[in-house]
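Here is a short report on a two-chain model. Please read it with the coordinates open.

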Amino acid sequence: MDRRTFLKASGAASLLAPILIRKALAAREQPLVVVAEGSDYAAITRKAINALGGIKKFVKPGNVVVVKPNMGWDRSVELAANTHPLVVRAVVEECLAAGAKKVKVFDNTCNDARRCYVNSGIENALKGLKNVDCKQIETERFSKVTLNGQFLKEWELYDEALTADVYINVPVAKHHGLSKLTLGLKNIMGIMGGKRGYIHRDLEVALADVNAHFKSHLTIIDATRILTNHGPQGGNIADVKVLNKVIASVDVVAADAFATTLFGLKPSDIAVTVAAHKRGLGEMDLSKIRVFRA
Amino acid sequence: MKRTPARICQLLFLALFLILFMQTEYRGRDEINAAVNTFFRVNPLVLFSYLLAAKSWSWLLLPALLMTLATLILGRFFCGWICPLGTILDLVSTRIRKTAPLRILQGNTKYWLLLPLLTASLFNLNVSGLFDPIAILLRGLTFLLHPLLGLVSRSGWVSLYGLIGERRDTLAPAYNLIRDNMLPFRDALYPLALLSGMILLAVIALERFETRTWCRTLCPLGTLLGWLARFSLLRRTPTGLCADCGVCRDICPTSFRQGHLDKEECVLCLDCQDGCPHGRISFRPKLTLKRAGPLRPERRVLLGGMAAGLMLAIPARFRSPEKESKLLRPPGVRSEDEFLKKCVRCGECMKVCLKNALYPAAYQAGLEGFYTPLLIPRLGYCEYNCTLCGQVCPTGAIPSLLVESKRREVIGKAVFDKNHCLPFARKIDCIVCEEHCPIPEKAIRSREVPTVGLDGLPRIVKEPYLVEDICNGCGICENVCPLESKAGIEVFAVKNRTPISYKPVRQPENQPVSQPENPYPS
């Protein structure tokens, strides 16, 4: 091998190596997305978690866990604007069973917090559970976090999420006027403070910025019923479709990508998913995702 | 304060007033069963000015009618047994050293206040709530003292977080108990807070001159009750001071200035009966046609007061038309004129408003509308599923509606300002207003429009538009608009407030959209 061919070869190798390595890695740990189906929402939630290896894989005894549902709207359960209370409760109970010291459930709501907590049914569903906090947001607990993202350099995030040992993202799958759908990646807005509407001007990039900095350990998408139009708050039962499904994955992008198909859309239709995938936050190619139906 | 039945009753009613005040708040249920409006429902001043102004009857006023009848029979017992402001005056009065009674307030002053108020009501200007004692107390509490309590408690709690961080959580149960039962939900700042506090303070400060100065010489409710009491059956014997004693003059909180007990002024506290060293005094029902003292006010004052009210009815009602555009009233108020005739200016709707959307008008609604509630969307919006303001309104000026009806009531209509709204002005996506619009079919919708960005590159932007027929003017769009200071969408008042219907509206999504020219041709 002469010098020229060596340089050519090593040049080509250095260019190709990262791609090849990433491909090899991706092939090895193909993200798993679990889909559980059934009309007992607590049971299918548990089934989905167990198919991922059980809650003990994520929650260790003594952990402080944040379970972050979407309960941003003053809408009743059947209108599919908020995560189903039975799904939330099942996740919380699993965490407690795994020995969590404290499970915190909250959301930075869009409508009046008191009404959202009550009418989403979540506050009531968690009543009586020991070591569970379902508290409304207290603004002083937001602290500025340096994100160094492409759109957001810094933003206020909620301290309870920042200091938790485990963060479980429990969105509801629904339509959204701007981002087409809101799923796991967008549910992160619930830990953001400040004037959140600001990020709408470059939503997908901003969400990738926040998700890149703050990662969900587990994403459980409530698709027991989905809101197919007039999201994200709906209000018309005609826009709701009952699917009796719960989707779970460690890979938030993969979970979102799969959930997109429930609406008859492709993952590439959703700019938020695409931006997050490009940022290396997860897999959106359905052919590279292992789907397990529990 | 001695422990007489009247005193105990006073304290119980004051406690009730304060408890009901705290209860006038969303507590996790859509209905409020008992609110502080009870004190206005039994208020004859509210009754008379409503009847005169609105010239119609509402069953909400029945308790006040019963109170009127009770006063006709018993006398002015409301002031001595029930009125929470009177109780507060009695409580502080013992700690205030007295100078001499204020001369200017003696005599006919109270009639010069009450008569114009009632006459103006007859000529469609109902502002008696401005001087109603319960309203004065409630406004002072709502706009100043309660927010002050919230501020002190909350800033203490917040600074505790700065000191000990998350460990603060161990104290949370105690704080939550106070927060959930006593504090205002959020720190709203009200215009007229200072004035409301000053008026309340001034009423209390009048105790410097003599006991119950406000009640004897100014209070229009007390004066009205006094009139009714003239004919009451309950009579004190002896009617005047005894020649050998005169202790009554020192004991009595309201009367005996003229040497005899004036029925118009007697609040039936019965202190003279308890304090009489000779045990001579009794209050007994007695039917007599003999007049107790001269009929007041004199004809001169009666006619003068009425004339003053008539004169007031014209200048107070001027309002410049440009202010009308932002005159957003609580949901269910369809006619501004009718609303102004019925509103007590008590401040309850502003106290209960879930999102702190309602604020007392200072100058916006003219002199006539002083202290009436205005919705200011930039500060708070009308929550779609909330009906609390209508529930607590004592006169139905804001009608109490079922949530299905309330959602359709029109407060105003939203209008885009394309010079500010981001998709128009800066050619970038936003659509926060559409996201928050609570109408299930969305009164704010958007369409994808090919345009040219400010960088000169072609792009597709979601432009919002309003479906006016189904906009109820709740103001959430203006509230959440991410633009700083002025919003890109604003709600303006409309005359026609016919409730919206949810019929599907034609969607102009497939209409051809004209493409704007490239502002930066290469």
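In which loop of chain A is A:P232 found? A:P232 sits in the loop between β10 (218–227) and β11 (240–249) of chain A. Helices (H or I, at least four residues) and strands (E, at least two) are DSSP runs, numbered from the N terminus.

This is a predicted model: local features need pLDDT of at least 70, side-chain atom pairs count only at pLDDT 80 or more, and totals for chains, interfaces and linings use all residues. Residues are numbered from 1 along each chain as its sequence is written, while chains are lettered from A and ligands numbered from 1 in the order in which they are written.

Most residues other than glycine have a negative phi, and most peptide bonds are trans. The table lists exceptions in both chains.

| Site | Feature | Value |
|---|---|---|
| A:G231 to A:P232 | cis peptide bond | omega near 5° |
| B:T237 to B:P238 | cis peptide bond | omega about -5° |
| A:N148 | positive phi, not a glycine | phi about 50° |
| B:I431 | positive phi, not a glycine | phi near 65° |

B:P238 is in the loop between β1 (234–237) and α13 (247–251) of chain B. A:N148 belongs to the loop between β5 (142–146) and β6 of chain A. B:I431 is in the loop between α21 (422–425) and α22 (432–436) of chain B.

Burial is a neighbour count. A residue is buried if 20 or more other C-beta atoms lie within 10 Å of its own, exposed if 12 or fewer, and partly exposed in between; C-beta atoms are placed from the backbone. A:N148 has 11 C-beta neighbours inside 10 Å, so it counts as exposed. B:I431 has 24 C-beta neighbours inside 10 Å and therefore counts as buried.

## Chain A

Domain bounds come from an automatic or database domain assignment. Chain A has domain 1 (1–29) and domain 2 (31–293). The C-alpha centres of domain 1 of chain A and domain 2 of chain A are 38 Å apart.

Helix α8 (residues 203–213) of chain A is largely enclosed by the rest of the structure, because eight of its eleven residues are buried. Among them are A:L203, A:L207 and A:V210. The cover over the buried residues of α8(A) includes β6 (154–158), α7 (184–187), α9 (252–261) and α10 (271–278) of chain A.

How do α8(A) and α10(A) cross? Their axes come within 8 Å, at roughly 45°. Axes are lines fitted to C-alpha atoms, for helices over the stretch in contact, and angles run from 0 to 180 degrees between N-to-C directions. α8(A) is therefore oblique to α10(A). Angles under 35 degrees count as roughly parallel, over 145 as roughly antiparallel, 65 to 115 as roughly perpendicular and the rest as oblique.

A:L203, A:E204, A:V205, A:L207, A:A208 and A:N211 of α8(A) meet A:A271, A:V272, A:A275 and A:A276 of α10(A). Contact here means C-beta atoms, placed from the backbone, within 7 Å. These residues divide into eight nonpolar, one polar and one charged. Ala, Val, Leu, Ile, Met, Phe, Trp, Tyr, Cys and Pro count as nonpolar, Asp, Glu, Lys and Arg as charged, and the others, Gly among them, as polar.

## Chain B

Chain B contains 23 helices and eight strands. Its C-alpha atoms fill a box of roughly 110 × 60 × 35 Å along the principal axes. Of its 522 residues, 44% are buried.

The assignment gives chain B domain 1 (5–23 + 35–312), domain 2 (323–402) and domain 3 (413–510). Between the C-alpha centres of domain 1 of chain B and domain 3 of chain B lie 49 Å.

Helix α1 (residues 5–23) of chain B packs on helix α6 (residues 84–93) of chain B at about 120°, with axes 9 Å apart. The two helices are therefore oblique to each other. B:Q10, B:L11, B:F13, B:L14 and B:F17 in α1(B) meet B:P84, B:T87 and B:D90 in α6(B). That contact divides into five nonpolar, two polar and one charged.

B:L200 lies in helix α10 (residues 193–205) of chain B. B:L200 is buried, with 22 other C-beta atoms within 10 Å. B:L200 and B:G140 are 60 residues apart in sequence, yet 6.0 Å apart in space, C-alpha to C-alpha.

## Between the chains

The contact takes 23 residues from chain A and 28 residues from chain B. On the chain A side, helix α4 (residues 113–119) gives the most, with three residues. The chain A side divides into five nonpolar, ten polar and eight charged residues.

Notes:
Contact = placed C-beta atoms within 7 Å.
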